[in-house]
Amino acid sequence: MIPEDIINEIKYRNDIETAVSAYVNLKRRGKNLVGLCPFHNEKTPSFTVYPENGSFYCFGCGAGGDVFTFTGLIENLDYIEAVKLLAERSGIALPQDGYDDSMQKLKNTIYDINRDTARFFHSYLMSPDGKWALDYLTERGLTLKTIKHFGLGAAPDSFDMLIKHLKEKGYRESDMLAANVVGKSQRGTLYDRFRKRVIFPIINIRGNIVAFSGRAMPGEDKQGGKYVNTSDTPVYKKSENLFGINFAKSVCSERVILVEGNMDVISLHQAGFENTVAPLGTAFTPEQAKMLARYTKEIVLMLDSDAAGQKAVRRASGILENTGLSVRVVAVPDGKDPDEYIKKNGPERFAALLEGAVSDMEYKLLCAAQGIDLESDDGRLKYLSAAAEIIAGADDIMTRDIYIGKMCEKYGVSRTALTSRVNELRKRNRVQKQKKEISDIIRPRFTRDDINPERRKSLKGTAAEETLIAVLLKNPDFYKTAREQLPPEKMITSLNRRIYETIIDTLDSGGSLDISVFAQKLLPAEVGYVVSLQNGEKAGKNPEIVLKDCIGVILEEDMMIEASENTGNSLEDWAAGLQSIIDKKSKGKG
């Protein structure tokens, strides 16, 4: 473990309010601060920062912890990496030993494997054996300079060439599997995951190769699909990365172009539009939106023009609503993708197309008109009803006013009628939103059953465990009483037992119950659970009495569970066990 004094010094120089404010717009509510959670999509703030004890907690998704936990979640780092990052920002030197960095060592090994794998694929592409792949890329209009810039490669048509190469480099099979560059058959045989494919290395925002995407050749047997992609690994989550972000981050302060595929990104970069990125084999995600919000002011959505592309635009614009980014949309003419368009029409026409991007609202209105006969009265009425729904979804009153005016002028409807309809729809939407918010409060997305499924063994006993932990977190002076009367093995659920043991061990050794103690030992979701107990009201106004009651309930529930587990014994044994419980309860009352 990292020494407590160093942890405290790093936290002192990186207070939770300042750290979170870099990513979340916080508003003060009493002594705490609230904002929209950066870890899940929400419209009503449920994310709370507690400056008094340096913690945060989201009542919507259950995320919680200290400044290290927050940094790790927002930057996709593990605990040790987050500590190192904040220490580096603060100019604090960490000791080279004294803590378990096995996960970091594995990550570093995976980075090394990915780097050597990318070099292997690129070398093969540029060799005579890889001519088939190089010809494909050059026929797609890519120059050698672009191919080298993106580190493109090719996987040979072999089951073990990469495995042999990596073994020669000294890598273990287990680490190759962890990097997901090789797979294992049901018979236990290793094989290269990428075979006879053009390879696109995926590079994260820090410049590390984290994954690969392999495209099958046109006309080839696409066993495994058109694309084979790296699965999630200790260094890669596809929902949290974007293709091209390593280059785009330096030139996208004003605008990012979001396209659909890797080839779109590469073609646009080659043409000078280096602020282009794409999702990675998945729909655009809230995590990707939050990443882009750190680097730019505006996102231009340039997805395919077919029905699937329109659906993708609607989904992406919904995700981007709460990021503070300006959103515009470009519909590429003739149903072409950006790669095809720029090759046929050139950079100048593409730049003009980009400048003609419409607002998100205008795009929705254009899409709503498709398939409707606007020359007929019925058609205009149908379209205006759809347009009113779209306009009603805009929170900004000036935006609504502008588009109501445009619709009335274009389609000859009275402003009073359309405004009235929009206001009716907004009232309906407001009622539905309030019902949903109430429903979320009654049935929140996050439940303690998700974190501690064993609580079903005894709801009463687990509630007592949670209250006992809350009391000790707020009143650590009571821990000796708890330790003497309640051995850890009597705790009903294993999660609460681990938390209780951490409390006892920490205080026995003279440490303090900082959230960092738990963050080094528990999973992120479990840390959030501890924070929720620390900042809740379970301890009550008479914590000493509450503690005593909790201990009694836990011991009683433990005996009841033990008795129920022994029901397979003889009737005499069961009766004796029951009498033992009665005797212990009688002694406790005496």
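1. Asn180 counts as buried, at 13% relative accessibility. In this predicted model, Asn180 sits in the loop that runs between α9 (173-179) and β7 (182-184). Its phi is near 65°, a positive value in a residue other than glycine. Most residues other than glycine have a negative phi, so the backbone here deserves a look.

2. Lys196 is partly exposed, its relative accessible area being 23%; the cut-off for buried is under 20%.

3. Glu173 belongs to helix α9 and is partly exposed, with a relative accessible area of 37%. Setting aside neighbours within four places in sequence, Glu173 has contacts with Lys167 and Leu190. From Glu173 to Ile203 the separation is 30 residues in sequence and 23 Å in space, taken C-alpha to C-alpha.

4. Which residues have the most contacts inside the largest nonpolar core? They are Ile10, Phe47, Leu468, Leu472, Ile499, Ile503 and Phe518, in a core of 64 residues. Helix α20 (residues 459-474) supplies the largest share of this core, seven residues. Another core, of 61 residues, lies apart from it and includes Tyr111, Ile203, Met217 and Val265. In soluble globular proteins, nonpolar side chains tend to be buried together.

5. Helices α16 (residues 377-392) and α17 (residues 397-411) have axes that come within 10 Å and cross at roughly 170°. Angles over 145 degrees count as roughly antiparallel, and α16 and α17 are therefore roughly antiparallel to each other.

6. What does each of these two helices bring to their contact? From α16 come Arg380, Tyr383, Leu384, Ala387 and Ile391; from α17 come Arg400, Tyr403, Ile404, Met407 and Tyr411. Sorted by class, the contact of α16 with α17 has eight nonpolar residues, two charged residues and no polar ones.

7. On confidence, the protein chain averages a pLDDT of 87, and 90% of the residues score at least 70. Over residues 440-446, however, pLDDT stays under 50. The model has 12 contacts beyond four places in sequence for that stretch. Where pLDDT is low, the predicted coordinates should not be read in detail.

Conventions: Residues numbered from 1 in each chain as written. Predicted model: local features only at pLDDT ≥ 70, side-chain atom pairs only at ≥ 80, totals over all residues. Heavy atoms only, no water. Core = buried A, V, L, I, M, F, W, Y, C linked by side-chain atoms within 4.5 Å. Buried < 20%, exposed > 50% of the residue type's maximum accessible area, 1.4 Å probe, protein only. Helix = DSSP H or I, 4+ residues; strand = E, 2+ residues; numbered from the N terminus. Axes fitted to C-alpha atoms, helices over the stretch in contact; angles between N-to-C directions. Parallel < 35°, antiparallel > 145°, perpendicular 65-115°, else oblique. Contact = heavy atoms within 4.5 Å. Nonpolar A, V, L, I, M, F, W, Y, C, P; charged D, E, K, R; others polar. pLDDT = per-residue confidence, 0-100.
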